[in-house]
Amino acid sequence: MTRVVLGALAFLAAGLSVPAGAADFNYRPYTVNQPLNAYSWAGPYLGGNFGYAWGSVDNAWAKPSGFVGGLQAGYNWQRGPWVFGVEGDIQGSSADDTFAAWKFSNPWFGTLRGRGGYAFNNVLFYGTLGLAYGQLRAATFGLTESHNNIGWTAGLGAEFGFAPNWSAKVEYLYVDLANSNFVITGASHGLSFGTVRAGVNYRF
């Protein structure tokens, strides 16, 4: 009888060790109320992105366009399939264009946004809305004038978790930077543009 009891206890212990190991594989300290083996979007992350931007300058026919790239960081909260978070990014941009004697460019911009979406396990679809900031620069005959403006941004995106700590995303943002008065053009200029970018995030 003793052998039978000991054998049953050993079998039960072996059975319990399998789900425990599976849970440890996908565990992060920010994961809460997640089903076994479900992908977790919760917690902090850091990543990079690269894409293309195109837009227009107010009160000028210039349409700056060019490549963009930069870094993003954020934090997500998850409740079931619903994911909410905040993300900030900073981008370098090669977007420029020439109108008459003036060259307009957007050397850099950044955003601080809220994100909200719905996850199908390791696939997340989301919308985003928030603050934008960046620089509009005008140059003519060796003279340069730059203004750092604040505005707003909104967009849509999709993110795919391809490993427990890694995800890839594609995203569209519309950015509108407020107008300011330029002395060298004698006019008020602002910048609005769209950008499509792809990125990779590492989740801690």
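Predicted model: local features only at pLDDT ≥ 70, side-chain atom pairs only at ≥ 80, totals over all residues.

User: What makes the link between the side chains of S167 and E159 a polar contact?

Analyst: The two side chains are joined at 2.6 Å. The cut-off for such a pair of N or O atoms is 3.5 Å, and the value of 2.6 Å for S167 and E159 is within it. E159 is also among the residues in contact with S167 when neighbours within four places in sequence are left aside, including Y39, W41 and R203.

User: How is W166 classed, and why?

Analyst: W166 is found in strand 9 as well. Its relative accessible area is 37%. Because buried means under 20% and exposed over 50%, W166 is partly exposed. W166 also belongs to a nonpolar patch on the surface, together with L46, F160, F162, V200, Y202 and F204. The accessible area of the patch is about 660 Å² together.

User: How do you know that E87 and K169 form a salt bridge?

Analyst: Their side chains meet at 3.2 Å, N to O. The limit is 4 Å, and the value for E87 and K169 is within it. E87 lies in strand 3 (residues 82-93) and K169 in strand 9, so the pair ties together parts that are 82 residues apart in sequence. Both E87 and K169 are buried.

User: What makes E171 and R197 a salt bridge, and why are they classed as they are for accessibility?

Analyst: The side chains of E171 and R197 meet at 2.9 Å, N to O, which is within the limit of 4 Å. E171 lies in strand 9 and R197 in strand 10, so the bridge ties together parts that are 26 residues apart in sequence. E171 has 2% relative accessibility and counts as buried; R197, with a relative accessible area of 2%, is buried too. Salt bridges that share partners join E87, D89, R113, R115, E159, K169, E171, R197 and R203 into one network.

User: Which residues have the most contacts inside the largest nonpolar core?

Analyst: This core has 15 residues, and those with the most contacts inside it are V57, F104, L136, V175, L177, L191 and F193. Strand 1 (43-57), strand 7 (123-140), strand 9 and strand 10 each supply at least two residues of this core.

Terms used: Residues numbered from 1 in each chain as written. Heavy atoms only, no water. Contact = heavy atoms within 4.5 Å. Polar contact = N/O pair within 3.5 Å; in protein donor to acceptor, adjacent residues only side chain to side chain. Patch = residues over 30% accessible without salt bridge, like charges linked within 9 Å, V, L, I, M, F, W, Y side chains within 5 Å. Areas by Shrake-Rupley, 256 points an atom, 1.4 Å probe, with all protein chains shown as cover. Helix = DSSP H or I, 4+ residues; strand = E, 2+ residues; numbered from the N terminus. Buried < 20%, exposed > 50% of the residue type's maximum accessible area, 1.4 Å probe, protein only. Core = buried A, V, L, I, M, F, W, Y, C linked by side-chain atoms within 4.5 Å.
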